[in-house]
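User: I would like to learn how to read a few features of a structure. Please take them one at a time.

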Amino acid sequence: MATPYYVPETNVPLPPKGAEVISTACDYCIVACGYKVYRWPVTAKPGGPTADENAFGEDFPVAPLGAWVAPNQHNIVLHKGQPHHVVIIPDKDTQYVNTDGDSSLRGGCIAQKCYNPQTPTRDRLKTPLMRIYGTLMPVPWDLALDVAAEVGNHVIAKHGTNAYGVKTFSYQYIENTYAISKYALRHINTANFTFHDTPSDVTSTPGFRDAGFDNFGPSYEDWRDAETLLVCGTDPYETKTILYTQWMMKGMQNGQKEIYLIPRSSAGVAHAVKMGGLHIDVLPGTDLLVVNAIARVIVENGWEDSDWIKKWVNNKWESSSGFGQGTRNTPWQWRTTWGKFQTKGFEDWKEWLLSQDEFAPETAAEMAEIDVQKIYTAAEWLAKPKADGTRPKTSVMIEKGFYWSNNTGNTQAISALGIICGCGGRPGQVIGRAGGHQRGGVKGGKYPRNKSPEKLPGRRRRAMDTDRYLIAGHTRMAHVIGTTWIQSMCGSQQLADKFEELTVRNPHQIASFDKQEMIDTLKARADSGGMVVINQDIYLQDPIGNRYADIVFPAATWGEEDFLRANGERRLRLYQKFYDAPGAAKPDWWIIAQLAQRMGFDGFDWQNSNEVAEEAVRFTRGSRKDFHAVYRLAKKEGKGLHQKVREFGTDGVQCPVMLDADGVTLIETKRLHDTTRELPDTGAAGADVFNKKLTHFNSQTGKCNIQKSPWGLFSDYWEWLKPNKEEGELWATSGRINERWQSGFDDRRRPYIVQRWPENWVEIHPDDAAERGIESGDYVMVYSERVPGNKTTLLGVEGDDFQFSKLMENGHIELTKAAITAVAMVTPAIKKSVVYMDFLHMQQPANALEGRIVDWISGNYNYKMGVAKLRKLGPSPYKTSFRTMSFAPRDIA
Amino acid sequence: MKDHNATGCSCSGEAKKACTVNRRQFLFASGATTFAVMVAMPTRHGQAEQVPALVSTYPRKLIGKLSELEQDVPVEFYYPDEGDYSDSILVKTGVESGGGIGPQKDVVAFNLTCTHQGGSMYDSYKPEHKVLGPCPLHLSTYDVTRHGILVSGQAYQSLPQVLLELDGDDIYAVGMFGLIYGRYDNLIA
């Protein structure tokens, strides 16, 4: 760990002429800016300040936006066992993504990510570890793998496949996600499987799926080219910086008006408002009301895009035809069978919209505690035709603050608003997610939904809520890959209690030197109702690895192996290996392959990551990141897939990609659902087809489904959760902060970032702070006496059995307490009666406060919904010190 | 040492020299024990030898007079030379600030070039927040009361702080803390 004291350097070595240049992309946010790694041996002379003396061909000092090297962009690594300098800076020549050679603070300092024993990265996991006599001790790979495989096979044989739980990242490179899902889903075939950000393997945006929108259809230039852009539940400046600075800022310079629907202001929101935009500061969970009120104003004025609706929205017969993809047992079908969402087309939807009292602008504004005029202004900007009769080009962007507040309801509502504004299928007129992490998931097996014990009212099963299953004591072996699990999930402290009980407090703990005794002990643990935990990660995370894991596998990561991944506009790049992984650390695909082979599974004998990629690529076919054509072209040219993608450098290739009739020209895809796109008459060549999503929507007819979004499916939870003001409760919500990525696994090891954010903090409005005697820099206790949690895995029979009030009535919800400390930051940037924290501090996890209640339609958590009380504890050291933290507002424009 | 630091001393001769060293040491460390942690030097004696060496090559340049500074009205100057990106400001913030000099320890100076991509922070001081920025290029802001730490934005490090000394009423720039944008070494323009 880094201490919060940071001494900046006042000089930096420059790469010499002849330094090797290796292209890659950033490891962090969805945007995945292109980077160049300059590498040269420490024995070589560094470059000089004139253009003929350095690898950049630049005279120093360089111009603004130039190839400057900040000291945080330099490191020393081992390459083939020999120390080398590396300088890692954004690609200054790229025409895509991070144009102008821009970068965020996160990626800008990515050189600090590299393992270097002289920096705080020194605690990278370097060998497998096993907990023996209560202590995690280094062991060789063979011992750790043999024990894990034996115990795994025992658990599956004795307790069933669902007793083997796999909780994994969904994105940390295609080769790894493919190997992991092939292992878990195709071979073990467990329904106890999910990703880092959800308790159940379900779609993140059910409303988009029903409407026919791909999450990542738009291209970055669409976000620039919109004339009105509605941004829901995110400030892209903070969380996908370059999308904002290189695309949206340029849009605003061209007159784009941005509307933000979010309870909090930060730099990007403030800048947009300064540029003539609008900030609709809704209360958590009230987005649906405001979105539908805006839609109502639009249809009452007749501002909807009638031509678009006529051509691209399903009518009664189209809505019913084959809805649900032909069979009854599909996610689409069961959500719509009650008639709560499905409509007979635009007029039917409009009639429903106008008949809901809570969507009257004054009512919605009152509940959301906003100025009602903002609803009218937003409606005008989004849809009112201009004086010449033309319509504004409108686009809609959503992210987690929005879709993790009322997952199903909000995504249904925004889809309908988007549809009537003509968003979705034309340049600058798009709807999609902005994105969080990059897109590196390829599934090597199908989720066995019919093995999930959760049965919903009606006719189908839902993917297992793996947290609830674990809390019910059914998970006997938890295989955790690259996620903190506990702090990432709602009601974290309740989850931690159960982990503690099933692992540490189980009497069966390894106390032996003998392999067979170790295996027998862990088998006995599982058989006794306890749980065995194996954990793959790059650092030892607390508590999942440090406290609960019996076996820890050290993973190799970015820069330590060749990997493929796509970004938020479906652009696929090769992230190249440029230095040696520390110690015996191995990539996740290798770890899985070793384990799988020991468990007796076939098809895991890959020799390198390119072989994994060449197997995985088949499973991208038909998806938004279909790059099978690149593989076929590579083979035609006698190249490996990685080798071929490497040729594309930081530009990469924008998917889905097809081969033209000539069999050698790649056809990329700028945006999905592009109704203006003309595909070649001759058709795609060879094994390619023109997928429907290229020019139409992902629905049964290729047109959009306009769906209802009833408040009543969520309102009982919202009303129950709503802070009791007399008791001093406030809404507690959370999200990312610009300087930190995910759990801060790298940021905690960057002295400068630790200096900026040594601990979690809580933004509180000055009025709320004054009532509690809290000042910026005070330590506060943020706590709740009512964190609701789903108790047991259950079957729904009646239609409303899973509705929150019904679950409560029937005793399926338990209330627990939670408490975390934080440093107060008093600022009007946060809405009154709301507090905001960093979502994933390992020591002070904000998710502990959020209700562990899945959205009863989709199965996702509504992570952004919780309540808390705040009590002042006393001053923190940061209140009066000058080196650490800053309490200046973050929304200065 | 304590008195010299607190008041901006009026020592002269050898006493002045000793005082200056201490001032530099103080500016770098803002707390001697933490500095020992930072560079892993075991003894206080060790620091006193090391620290001045870091700044010994910077010029000592007269940049203003304490009595002429008005609160929240920045004064521009060039440092450590007059080459590219040497534009800097001296400002009396009115609140105690990290590395501040003068009776209120509220006089600080910073380089004016954003350490993200080299935007000029000229004329961006926000007296109500004691912040420089937002940078016109990509909106970074810096807290001048806290050694130029990034408040919000994309910079790779704090804004370089110009280290100051007070000699009577004269304010001298004597060193830099942090690499200036565009340069690979602060002293080579």
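Predicted model: local features only at pLDDT ≥ 70, side-chain atom pairs only at ≥ 80, totals over all residues.

Analyst: Residues are numbered from 1 along each chain as its sequence is written, with chains lettered from A and ligands numbered from 1 in the order in which they are written.

User: What is the strand order of the open sheet in chain B?

Analyst: Strands (E, at least two residues) and helices (H or I, at least four) are DSSP runs, numbered from the N terminus. Two strands pair if DSSP finds at least two bridges between them. Here the 6 strands run β1-β10-β9-β4-β3-β2 in chain B, paired antiparallel. β1 (61–65) and β2 (75–78) of chain B are the edges, each pairing on one side only. β2(B) joins β3 (87–92) of chain B over 4 bridges; B:V75 has B:L90 as its bridge partner.

User: Which residues of helix α14 in chain A are buried?

Analyst: A residue is buried if 20 or more other C-beta atoms, placed from the backbone, lie within 10 Å of its own. In α14 (361–368) of chain A, these are A:P361, A:A364, A:A365, A:M367 and A:A368. They lie on the same side of α14(A), because they cover an arc of only 165° around the axis, taken from the directions from the helix axis to the C-beta atoms. Just after α14(A), A:E369 has a positive phi of about 55°.

User: How many residues does each chain give to the contact?

Analyst: Residues are in contact if their C-beta atoms, placed from the backbone, lie within 7 Å. Chain A gives 45 residues and chain B 48. On the chain A side, α28 (751–756) of chain A is one of the elements that give two or more residues, and α28(A) gives the most, with 3.

Methods. Contact = placed C-beta atoms within 7 Å. Buried ≥ 20, exposed ≤ 12 C-beta atoms within 10 Å, placed from the backbone.
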